[in-house]
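We'll go through it piece by piece.

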Amino acid sequence: IRAMWEPSIGGECGFRTRGAGASMKLWRCTDPAMSTALEACKLRLDGEIWAGRSKWSEASHFMAGKWDGLVFKVFDAPSAPGGLLDRLEAARAALAPFETERVQVVQTAKCEDAATVRRLLTRIGSLGGEGLILRAADASFHTGRQKTIIKVKQFFSGLAMVVGKVPGKESLIVSTHEYGSR
């Protein structure tokens, strides 16, 4: 479940899952090892609350205050300076004093060509992974969709057909259709 660790929202810290203002949800972390490391880190951290491969329903248990077996996988540190690799290194450094497997900064690998992407995608697939996220190493942090990020999968997760355009906007109306693995 995608989440942003917020070190301070109105004097409280926790995971924000969606929304802003009055619609924003803030979930307090009750796991001692995870909360100690995150609170001392002092950085905003973008990532995912993870229970393991193919365990999406278990990942939502934190909403009921059950943190056993959950890990926060850190994808970015928006409040740290520099490009993506600089921000990930800042997150690693801030979390280094805490010996916990409950907060993990994701590993990165340089992809210089399509052959490297195929090799990594095959490796991740053999481990039960869904795919890769390719990001520009020097990209600044922005919310929403970005041209510096692409998701690569070994299968189609769906097809969509353009059925119209929103008048006065650069938005398309699509109709989605389920499509199986290839």
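## Ground rules

This is a predicted model, so to speak of local features we need pLDDT of at least 70, side-chain atom pairs count only at pLDDT 80 or more, and totals for chains, interfaces and linings use all residues. Residues are numbered from 1 along each chain as its sequence is written, and side-chain values use heavy atoms, with hydrogens and water left out.

## The overall layout

The protein has 4 helices and 10 strands. Helices (H or I, at least four residues) and strands (E, at least two) are DSSP runs, numbered from the N terminus. Read from that end, the order is β-β-β-α-β-α-β-α-β-α-β-β-β-β.

Of the 182 residues, 31% are buried. Here buried means under 20% relative accessible area, exposed means over 50%, and partly exposed is in between (1.4 Å probe, protein chains only). Taking contacts with a separation of 6 or more, 52% are between residues 24 or more positions apart; a contact means heavy atoms within 4.5 Å.

## Aromatic rings

How many aromatic pairs does the structure hold? There are 5. Rings of Phe, Tyr and Trp (its six-membered ring) pair if their centres lie within 6.5 Å; planes under 30 degrees apart count as stacked, over 60 as edge-to-face and the rest as tilted. Take tryptophan 5 and phenylalanine 15: their ring centres are 5.1 Å apart and their planes are at 70 degrees, so this pair is edge-to-face. The pair links distant parts of the chain, with tryptophan 5 in strand 1 (residues 2–9) and phenylalanine 15 in strand 2 (residues 12–16), 10 residues apart. Both tryptophan 5 and phenylalanine 15 are buried.

Phenylalanine 15 also pairs with phenylalanine 72, with centres 4.8 Å apart and planes at 65 degrees, so that one is edge-to-face too. Phenylalanine 72 is in strand 5 (residues 71–76) and phenylalanine 15 in strand 2, so the pair ties together parts 57 residues apart in sequence. Phenylalanine 72 is buried, as is phenylalanine 15. Trp5, Phe15, Trp27, Phe62, Trp67 and Phe72 form one aromatic cluster.

## Helix 4, side by side

Which residues of helix 4 are buried? They are Thr116, Val117, Leu120, Leu121 and Ile124. These cover an arc of only 130 degrees around the axis, which puts them on the same side of helix 4; the arc is that of the directions from the helix axis to the C-beta atoms. The buried residues of helix 4 pack against strand 7 (131–135) and strand 8 (149–153). On the other side, Arg118, Arg119, Thr122 and Ser126 are exposed.

Glycine 128 follows helix 4 and has a positive phi, near 90 degrees. Lysine 42 has a positive phi as well, near 65 degrees, in a residue other than glycine. Lysine 42 is in the loop between helix 1 (32–41) and strand 4 (45–50), and is exposed at 61% relative accessibility.

As for cysteines, the structure holds 0 disulfides, a disulfide being a pair of cysteine sulfur atoms within 2.5 Å. Cysteine 29 is buried at 11% relative accessibility, while cysteine 111 is partly exposed at 30%.
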